[in-house]
Amino acid sequence: FEEMRRLMEVYGSTKCLRKRPSANGKIGPENAKKDSVKRKFYRWFPDLEERFAKDVENGGMYVPKVGHELEMQYREDRRKRDGEVLTKKRAKCRKQRLGGGGGGGGGTS
């Protein structure tokens, strides 16, 4: 569990960052339930075995197969790309909601 939290803190998500308060209104990993952290971890690292290797000599910590810098760059690029997609999606929905969507109500994807 601690290794999951470490990887999440060091490498972050591949999706753009969204800070949402939890049910009790607080943000932060110290307020997260263990099961929530696990679910979030597997969403953030769906390809853990492909991208990371367990370093037995270093206490069983996971290390990126391509190296720290390249993994950080990969995740930054993925977050940036996801943010651009999300911005376009929000603009499209906003345009449709405000009446500029071309009428008919049936959107195409």
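L86 is buried in this predicted model, with a relative accessible area of 15%, and that falls below the 20% cut-off used for the term. L86 is part of helix α4. Along the sequence, L86 sits 71 residues from K15, yet in space the two C-alpha atoms are 9.8 Å apart.

Helix α4, spanning residues 68–97, also turns up in the packing around helix α2. The buried residues of α2 pack against α4, as well as against α1 and α3 (48–51). Those buried residues are V37, F41 and W44. They lie on the same side of α2, because the arc they cover around the axis is only 70°. What does the opposite face look like? Turned away from the buried side of α2 are D35, R39 and R43, which are exposed.

Next comes the pairing of α1 with α2. The axes of α1 (residues 2–11) and α2 (residues 34–44) come within 10 Å and cross at roughly 50°, so the two helices count as oblique to each other. The crossing of α1 past α2 is left-handed. On the α1 side, the contact is made by M4, R5, L7 and M8; α2 brings in V37, K38, K40, F41, Y42 and W44. Sorted by class, this contact has seven nonpolar residues and three charged ones, with no polar residues.

Methods. Residues are numbered from 1 along each chain as its sequence is written. This is a predicted model: local features need pLDDT of at least 70, side-chain atom pairs count only at pLDDT 80 or more; totals for chains, interfaces and linings use all residues. Side-chain values use heavy atoms; hydrogens and water are left out. Axes are lines fitted to C-alpha atoms, for helices over the stretch in contact, and angles run from 0 to 180 degrees between N-to-C directions. Helices (H or I, at least four residues) and strands (E, at least two) are DSSP runs, numbered from the N terminus. Angles under 35 degrees count as roughly parallel, over 145 as roughly antiparallel, 65 to 115 as roughly perpendicular and the rest as oblique. A crossing is left-handed if the near helix is turned anticlockwise from the far one by less than a right angle, and right-handed if clockwise. Contact means heavy atoms within 4.5 Å. Ala, Val, Leu, Ile, Met, Phe, Trp, Tyr, Cys and Pro count as nonpolar, Asp, Glu, Lys and Arg as charged, and the others, Gly among them, as polar. Buried means under 20% relative accessible area, exposed over 50%, partly exposed in between (1.4 Å probe, protein chains only). The arc is that of the directions from the helix axis to the C-beta atoms.
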